[in-house]
Amino acid sequence: MPAPSNRFKQALSERRAQIGCWVGMADAYAAEIASTAGFDWLLVDGEHAPNDLRSILDQVRVIEASDSHPVARLPIGESWMIKQYLDAGVQNLLVPMVESGDQANELVRAVRYPPHGIRGVGSALARASRFAEIPDYLTTADDQICLLVQVESLAGLAALDDILATDVDGVFIGPSDLAADMGHIGQAGHPQVKTAVLDAIARTVAAGKAAGILTLDRDMQRECLALGATFVATDIDVTLFAKALRRSAADGKALLD
């Protein structure tokens with residue numbers, strides 16, 4: 001019996017566009033609600049949301065039971081942390097702040113077993129192997145891991161060709177951090193930022209890698225998809241919830257006018 005087939009990775013390799021949503025509520029119940037919405041993938045955020053491995057695993061579990069694919073963003077690309085996420089059964093990883101080909105190569109090694117990588121062999125203890133129920137896990141797991149790296153700085157853009165030359169599965173462009181690094185903090189839609197983002201997506205697609213982005217700008221979403229981006233997040237659960245509550249409170253108080 002091999003490792004579970006990664007349908008999200010397969011969709012990206014076949015260049016089938018996947019529409020997603022950021023999940024930052026750090027709560028399994030909220031993630032379960034999001035999993036009923038119909039998104040192709042849901043990103044459980046460990047970088048900017050108040051999550052740890054246990055809370056991320058709780059959310060991944062409920063998403064796995066739906067038709068959406070769970071992706072987890074690590075707080076940082078440390079090999080020991082990657083090992084824990086993989087052993088917990090997370091097959092789709094997004095690693096932030098990747099700025100060189102060497103860094104990308106080390107991440108590739110971190111998600112693979114020896115002799116091709118450095119992932120620790122502890123699958124008998126791991127949820128990933130269904131606690132040793134999958135006898136062929138060690139020999140089949142590498143092919144089912146989807147490693148996505150986040151390029152979100154001028155240094156990352158300068159090294160994009162080197163990053164694309166590695167065995168990462170895809171590159172996610174981060175407009176917000178990139179805007180800040182370009183001197184346009186809080187202006188992800190600035191023309192210079194937009195030009196840089198679209199160029200990076202086009203180069204990523206041309207290199208045969210999956211290209212991704214999170215943007216709430218409808219026109220930008222269309223442009224990225226037209227360029228061939230295959231994992232595009234179009235909303236964020238936290239902002240959706242906050243906006244709906246504020247609108248509801250305003251509507252309620254308007255009854256008193």
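Helices are DSSP runs of H or I, at least four residues long, numbered from the N terminus. In this predicted model, Arg222 and Asp219 lie three residues apart in helix α11, so about one helical turn separates them. Residues three or four places apart in an α-helix point the same way, because the helix has 3.6 residues a turn. The side chains of Arg222 and Asp219 form a salt bridge, with 3.6 Å between the closest N and O atoms. Arg222 counts as exposed, at 53% relative accessibility, and Asp219 as partly exposed, at 48%.

A search of the whole structure finds 13 salt bridges. One of them joins Arg109 to Glu106 (3.9 Å, N to O); both residues lie in helix α5, three residues apart. Arg109 is partly exposed, at 33% relative accessibility, and Glu106 is partly exposed, at 46%. By contrast, Gly101, Ala104, Leu107, Val108 and Ala110 of helix α5 are buried. The elements covering these buried residues include α4, β4, β5 and α8.

Another salt bridge pairs Lys194 with Glu223, with the closest N and O atoms 2.7 Å apart. This pair links distant parts of the chain, since Lys194 is in helix α10 and Glu223 is in helix α11, 29 residues apart.

Six aromatic pairs are found in the whole structure. In one of them, the ring centres of Trp22 and Trp41 are 6.3 Å apart and the planes meet at 75 degrees, so the pair is edge-to-face. Trp22 belongs to strand β1 and Trp41 to strand β2, 19 residues apart. Both Trp22 and Trp41 are buried. Together with Phe8, Phe172 and Phe231, Trp22 and Trp41 form one aromatic cluster.

Conventions. Residues numbered from 1 in each chain as written. Predicted model: local features only at pLDDT ≥ 70, side-chain atom pairs only at ≥ 80, totals over all residues. Heavy atoms only, no water. Phe/Tyr/Trp six-rings, centres within 6.5 Å; stacked < 30°, edge-to-face > 60°. Helix = DSSP H or I, 4+ residues; strand = E, 2+ residues; numbered from the N terminus. Buried < 20%, exposed > 50% of the residue type's maximum accessible area, 1.4 Å probe, protein only. Contact = heavy atoms within 4.5 Å. Salt bridge = Lys/Arg side-chain N within 4 Å of Asp/Glu carboxyl O.
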